[in-house]
Amino acid sequence: MKAVLIRGHGGPERVEVGELPLPEPGPGEVRVRVRAAALNHLDLWVRKGWSGLMLSFPHVLGSDVAGVVDAVGPGVDEPKVGAEVVLAPGLSCGRCVRCRSGEENLCRGYAILGEHVSGGQAEAVVVPARNALPLPPNLSFEEAAAVPLTFLTAWHALVARARVRPGETVLVHAAGSGVGVAAVQIAKLHGARVIATAGSDAKLERARALGADEVVNYEAKDFVQEVKRLTQRRGVDVVFEHVGRKTWEGSILACAPGGRIVTVGATTGYDPPTDLRHVFYRQLSILGSTMGTSGELLEVLRFVGEGRLRPVVDRVLPLARVREAQALLADRAQFGKIVLTP
Ligand SMILES: [Zn+2]
């Protein structure tokens, strides 16, 4: 089968479309014929690598997959061959206290498809049967592949960690990114007022169409000053942080007293300074969040099926153009998700 793979870490030239043997499902597993697989910033991090990430090469990229089950391993009743599915990207032991409490993203063995294990930007992928969830109705494979990682991340961060409530104000950075698109909609779904930032007026217009109440062009204006102006100097209740170094100090200053910052990533750098005086004096909460539970993903998929959360597909490209797709993502040239089709 064809697959987007790396044989070692490094720059864009490390990514290739190669041939791998078709994987066979073992006990409790299913094989999915991939119809669509989305990109994430995670793909770029995995390509570059970091100390502690131990992969066996060749490693296939890709965390977000939709397709059709075409083989099942021993002991699998559901899903059946022919079922249309979208994959939950989280893998966990299923036996520890965290897993049995429905908190599998806190499992010590937690892994993400395409990060710690080979992923689904390929013609086929094998996963545990419980990771194959029914495709929501009225959704194309491309739209379904645009949902899991980003919507799950934003849902867990805003709903489970920051506990956003009706009437609160939420600042969403980089609303044109995959997680930004999801966070704007999830905050609105929970009754919040959303202030969204983006780097171009075209993106801000699209953020408004997704439900953002106020928009700020961070290239043209200081977002902290704009947040103060839009909140009568009070600040926001929740900041959805995934940018890191470039926005972190401003995120702290943009918080109202008692505000919460939930951080899910750091695309511009993970080691910004933090002025602790602002954190303790204004009694801020800094919350970390990674991925979410499969229960939360089912909830997200229900809202997607009802049309109350909308996946946003920027463009669909063939697998062979993955380098171009990664370059677009690295340059933030997209709005929403870039999806590959085998
Ligand atoms: Zn576990």
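These are my entries, in the order in which I made them.

**Entry 1: the model and its record.** I noted before anything else that this is a predicted model. I then turned to UniProt, where an unreviewed entry lists residues 10–340 as "domain: Enoyl reductase (ER)". For that span I looked up the make-up and found 28% helix and 25% strand, while the C-alpha atoms at its ends lie 21 Å apart.

Entry 2: I looked up how helix α1, residues 41–48, sits against helix α11, residues 322–330, and found an angle of about 105 degrees, with the axes 10 Å apart. Angles of 65 to 115 degrees count as roughly perpendicular, so α1 is roughly perpendicular to α11. Which residues of the two helices meet? On the α1 side I listed His41, Asp43, Leu44 and Arg47, and on the α11 side Gln326, Leu329 and Ala330.

**Entry 3: glutamine 326.** I stayed with this residue, which is found in helix α11. Is glutamine 326 buried or exposed? Its relative accessibility is 3%, and therefore glutamine 326 counts as buried, since buried means under 20%. When I set aside the neighbours within four places in sequence, I found glutamine 326 in contact with Val15, Leu39, Asp43, Leu44, Arg47 and Leu61.

Entry 4: In helix α6, residues 201–209, I looked for the buried residues and found Lys203, Leu204 and Ala207. They cover an arc of only 100 degrees around the axis, so they are on the same side of α6. The face turned away from that buried side carries the exposed residues Asp201, Ala202, Glu205 and Ala209. What do the buried residues of α6 pack against? I found α5 (178–189), β12 (193–198) and β13 (214–217) as their partners. After α6 comes glycine 211, for which I noted a positive phi, near 125 degrees.

**Entry 5: threonine 169.** This residue is found in strand β11, residues 169–172, and because its relative accessibility is 8%, threonine 169 counts as buried. Not counting residues up to four places away in sequence, threonine 169 touches Arg193, Ile195, Thr231, Val236, Asp237 and Val238.

**Entry 6: cis peptide bonds.** I looked up the bond that joins phenylalanine 57 and proline 58 and found that it is cis, with omega about -5 degrees; proline 58 is found in the loop between α1 and β4 (59–60). The peptide bond from glutamate 78 to proline 79 is also cis, with omega near -10 degrees, and proline 79 lies in the loop between β5 (64–72) and β6 (84–87).

**Entry 7: positive phi outside glycine.** Glutamine 232, a residue other than glycine, has a positive phi near 50 degrees, and I located glutamine 232 in the loop between α7 (223–230) and β14 (236–241). With 67% relative accessibility, glutamine 232 counts as exposed. Methionine 291 is not a glycine either, and its phi is positive at about 50 degrees. I found methionine 291 in the loop between β16 (285–288) and α10 (294–305), where methionine 291 is buried, with a relative accessible area of 4%.

Methods: Residues are numbered from 1 along each chain as its sequence is written. This is a predicted model: local features need pLDDT of at least 70, side-chain atom pairs count only at pLDDT 80 or more; totals for chains, interfaces and linings use all residues. Side-chain values use heavy atoms; hydrogens and water are left out. Axes are lines fitted to C-alpha atoms, for helices over the stretch in contact, and angles run from 0 to 180 degrees between N-to-C directions. Helices (H or I, at least four residues) and strands (E, at least two) are DSSP runs, numbered from the N terminus. Angles under 35 degrees count as roughly parallel, over 145 as roughly antiparallel, 65 to 115 as roughly perpendicular and the rest as oblique. Contact means heavy atoms within 4.5 Å. Buried means under 20% relative accessible area, exposed over 50%, partly exposed in between (1.4 Å probe, protein chains only). The arc is that of the directions from the helix axis to the C-beta atoms. UniProt positions are given in the numbering used here, feature names are shortened, and annotations may be inferred rather than shown by experiment.
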